[in-house]
Amino acid sequence: MKWKTMRLGDERESSNIEDRRGQGGGSRVPVRIGGIGGVILVLGALYFGVDPQLVLNLLNGAQSSGDTAPVASQAPAAGDDAGKVFIARVLASTEDVWTSYFQAMGQTYHAPHLVLFTDGVQSACGFAQTSSGPFYCPADQKVYLDLGFFRELRDRLGAGGDFAQAYVVAHEVGHHVQNELGIMSRTDRQRRAGLTDDGPAGLSVRTELQADCFAGVWAKRADDAKKILQSGDIEQGLNAAAAVGDDRLQKETQGYVVPDSFTHGTSAQRAGWFRRGLQSGDVKQCDTFGAPSL
């Protein structure tokens with residue numbers, strides 16, 4: 001399949017990129033993304049939504065064996081440098097959109113840093129391996145990403161293309177926006193007060209679906225300002241959102257769906273909330289916590 005290319009060629013590159021590729025370790029260290037009040041920080045294991053071991057089963061095409069072989073660290077490939085440039089431009093676009101949005105509210109947006117890594121990375125939330133997938137750590141306000149994730153997203157789940165990758169970055173930045181708006185602090189207090197975190201309508205699912213909606217808000221506002229999208233890009237984003245739904249991933253990895261274990265929402269919910277942000281361009285339309293149904 002030939003994927004469309006976003007119109008980002010003339011856009012600036014963000015300076016908030018930390019390139020730690022080739023510095024990771026290959027040891028069998030379990031993901032230990034730290035608490036921060038129980039916020040789900042491993043955004044989907046490898047595909048933002050299921051237990052990391054289930055994802056490893058999917059990638060290995062086998063049942064759980066309890067361990068995975070270490071992957072040797074390596075220097076970035078030449079193609080990854082192009083990937084870095086693309087990610088830097090997407091990140092810059094999110095900075096422009098959210099800075100403008102916060103200014104309109106009389107607030108200041110503090111842009112996150114994005115850390116590129118291979119194999120494993122140490123964050124303020126703990127150590128994570130590539131199998132943890134992209135994640136946001138509120139303790140250091142950084143997004144962590146292994147570019148190899150995009151190959152898995154494309155090859156294993158059929159969610160390729162520039163805008164699918166941009167959706168991933170925008171989703172993680174969406175968590176930073178939640179942090180900037182005080183939403184993470186509020187949900188933390190709710191958890192401590194005993195509100196349920198798990199299940200199809202729990203705080204975790206509502207948090208993730210709101211990040212999807214925020215990703216849609218970014219796309220709408222970025223395209224309105226600079227026409228960065230081409231025909232087919234929207235479909236790529238919706239496809240990527242649907243590809244990482246809890247129900248689809250659980251069905252593929254274990255053959256059945258357990259709604260009570262959902263952490264990120266179904267494929268339909270993820271695509272639906274992304275579409276809502278994309279159509280409205282309005283953060284106020286992303287109130288998943290006040291929605292009677294998701």
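Reply: Happy to. In this predicted model, Cys125 and Cys137 form a disulfide with their sulfur atoms 1.9 Å apart.

Me: Which hand does the link of Cys125 and Cys137 have?
Reply: The Cys125–Cys137 link is right-handed, with 90° about the S-S bond.

Me: And where do Cys125 and Cys137 lie?
Reply: Cys125 is in the loop between β3 (120–123) and β4 (126–129), while Cys137 belongs to strand β5 (residues 135–137), so the pair ties together parts that are 12 residues apart in sequence.

Me: Are Cys125 and Cys137 buried or exposed?
Reply: Both Cys125 and Cys137 are buried.

Me: How many disulfides does a search of the whole structure find?
Reply: The search finds 2 disulfides. Cys213 and Cys286 also form one, their sulfur atoms 2.0 Å apart. Cys213 sits in helix α6 (residues 203–226) and Cys286 in the segment after α9 (267–280), so this pair ties together parts that are 73 residues apart in sequence.

Me: What about the handedness of the Cys213 and Cys286 disulfide?
Reply: The disulfide of Cys213 and Cys286 is left-handed, because the torsion about its S-S bond is about -70°. Cys213 is buried at a relative accessible area of 0%, and Cys286 is buried with 0% too.

Me: Nice. Switching to charges, how many salt bridges turn up in the whole structure?
Reply: A search finds 14 salt bridges. One of them joins the side chains of Lys84 and Asp19, at 3.4 Å from N to O. Lys84 lies in helix α2 (residues 78–104) and Asp19 in strand β1 (residues 17–19), so they tie together parts that are 65 residues apart in sequence.

Me: Which residue forms a salt bridge with Arg21?
Reply: That is Asp81, with the closest N and O atoms 3.4 Å apart. Arg21 is in the loop between β1 and α1 (52–60) and Asp81 is in helix α2, so the pair ties together parts 60 residues apart in sequence. Arg21 is buried, with a relative accessible area of 7%, whereas Asp81 is partly exposed at 39%.

Me: And Asp96, what does it pair with?
Reply: Asp96 forms a salt bridge with Lys226, the closest N and O atoms being 3.8 Å apart. Asp96 is in helix α2 and Lys226 in helix α6, 130 residues apart. Asp96 is partly exposed at 32% relative accessible area, and Lys226 counts as partly exposed at 44%.

Me: Which residues are in the network with Asp96 and Lys226?
Reply: Salt bridges that share partners join Asp96 and Lys226 with Glu11, Arg12 and Glu95 in one network.

Notes:
Residues numbered from 1 in each chain as written. Predicted model: local features only at pLDDT ≥ 70, side-chain atom pairs only at ≥ 80, totals over all residues. Heavy atoms only, no water. Disulfide = S-S within 2.5 Å. Helix = DSSP H or I, 4+ residues; strand = E, 2+ residues; numbered from the N terminus. Buried < 20%, exposed > 50% of the residue type's maximum accessible area, 1.4 Å probe, protein only. Salt bridge = Lys/Arg side-chain N within 4 Å of Asp/Glu carboxyl O.
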